[in-house]
Amino acid sequence: MARPREFDENAVLDAAAHQFWIYGYTATSVRDLAQGMGITGASLFNAFGDKRSLFERALAHYIERSFGDRVSRFERSLPPLEAIKAFFREIVERSVRDRDRKGCLLVNSALEVAPHDADFQAMIANVLVEVEAFFRRCVNAGQQTGEISSAQPADDLARLLLGVHLGIRVLARTRPQRALLEGVVRPALALLEPNID
């Protein structure tokens with residue numbers, strides 16, 4: 001009979017994601033992971049398999065807890081334009097407060113791991129498609145109500161917002177200054193404002 005796990009899976013996945021987030025996939029050793037997760041190397045292998053499998057689980061966990069949670073909160077409770085603004089406000093705020101300059105684990109992984117691993121490339125691409133889809137849903141809904149300008153197609157605006165999102169996440173690694181990040185977001189949001197004659 002298999003022994004029950006003696007750890008909280010969510011807590012150890014949070015800890016693993018943090019290790020990968022701080023040091024990157026390549027520079028994070030199994031020893032670092034086990035120590036950061038508060039479990040033995042044997043327990044890590046028994047529960048998650050190898051480092052790559054753990055990274056996949058930790059990244060999926062991170063995505064659900066960050067992007068999934070953010071989209072759910074804003075899309076469910078805010079009007080479309082405000083949902084987009086709140087999305088960017090939260091990202092800028094998190095970036096400015098991040099003393100470790102970690103950026104975003106998803107974007108970091110897109111730059112470090114995805115170019116060399118087709119499975120991770122597909123996984124990350126799928127999430128970026130979801131980010132774009134969130135923006136598209138908001139823009140479409142806002143254009144229907146007149147809350148968002150219809151001067152540009154929703155598809156183009158969604159792609160622009162995706163690019164702004166990725167740009168902020170990359171800039172946050174080296175220049176997490178509020179004025180810079182808000183200055184990147186502001187012109188994009190201005191394009192969404194309806195023209196009032």
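Packing here rests on contact, defined as heavy atoms within 4.5 Å. Show the side chains of Leu 105, Leu 106, Val 107, Asn 108 and Ser 109, the buried residues of this helix, which covers residues 105–112.

This is a predicted model, in which local features need pLDDT of at least 70 and side-chain atom pairs count only at pLDDT 80 or more, while totals for chains, interfaces and linings use all residues. Residues are numbered from 1 along each chain as its sequence is written, and side-chain values use heavy atoms, with hydrogens and water left out.

**Whole chain**

Zoom out and colour by secondary structure. The protein chain has nine helices and zero strands; helices (H or I, at least four residues) and strands (E, at least two) are DSSP runs, numbered from the N terminus. Along the principal axes, the C-alpha atoms occupy a box of roughly 70 × 40 × 30 Å. Of the 197 residues in the chain, 43% are buried. Contacts between residues at least 6 apart in sequence join residues at least 24 apart in 69% of cases.

Switch to a surface view. The accessible surface is about 10600 Å², and carbon and sulfur atoms account for 51% of that; the areas come from the Shrake-Rupley method with a 1.4 Å probe, and for residues only the protein chains shown count as cover. Next, colour the charges, with Lys and Arg as positive and Asp and Glu as negative, leaving out His and the chain ends. Each charge is placed at NZ of Lys, CZ of Arg, CG of Asp or CD of Glu. The mean positions of the 25 positive and 26 negative charges lie 5 Å apart.

**Residues 29–48**

Select residues 29–48, which UniProt lists as "DNA-binding region" in an unreviewed entry. UniProt positions are given in the numbering used here, feature names are shortened, and annotations may be inferred rather than shown by experiment. This stretch is 80% helix and 0% strand, and its end C-alpha atoms are 15 Å apart.

Within this range, centre on Ile 39, in the loop between α2 (30–37) and α3 (41–48). Ile 39 counts as buried because its relative accessibility is 13%. Leaving aside residues up to four places away in sequence, Ile 39 touches Phe 7, Val 12, Ala 34 and Leu 44. Draw a distance from Ile 39 to Val 12: the two are 27 residues apart in sequence, and their C-alpha atoms are 8.2 Å apart.

Move on to Ser 43, in helix α3. Ser 43 is partly exposed, at 29% relative accessibility. From its C-alpha atom to that of Val 131, 88 residues away along the chain, the separation is 34 Å.

Select Arg 101, in the loop between α5 (80–97) and α6. Arg 101 has a positive phi of about 55 degrees, although it is not a glycine. With a relative accessible area of 40%, Arg 101 is partly exposed.

**Cysteines**

Finally, show the cysteine sulfurs. The whole structure contains zero disulfides, a disulfide being a pair of cysteine sulfur atoms within 2.5 Å. For Cys 104, the nearest cysteine sulfur is that of Cys 138, 18 Å away. Cys 104 is buried at 5% relative accessible area, and Cys 138 is buried at 4%.

Definitions and conventions:
Buried means under 20% relative accessible area, exposed over 50%, partly exposed in between (1.4 Å probe, protein chains only).
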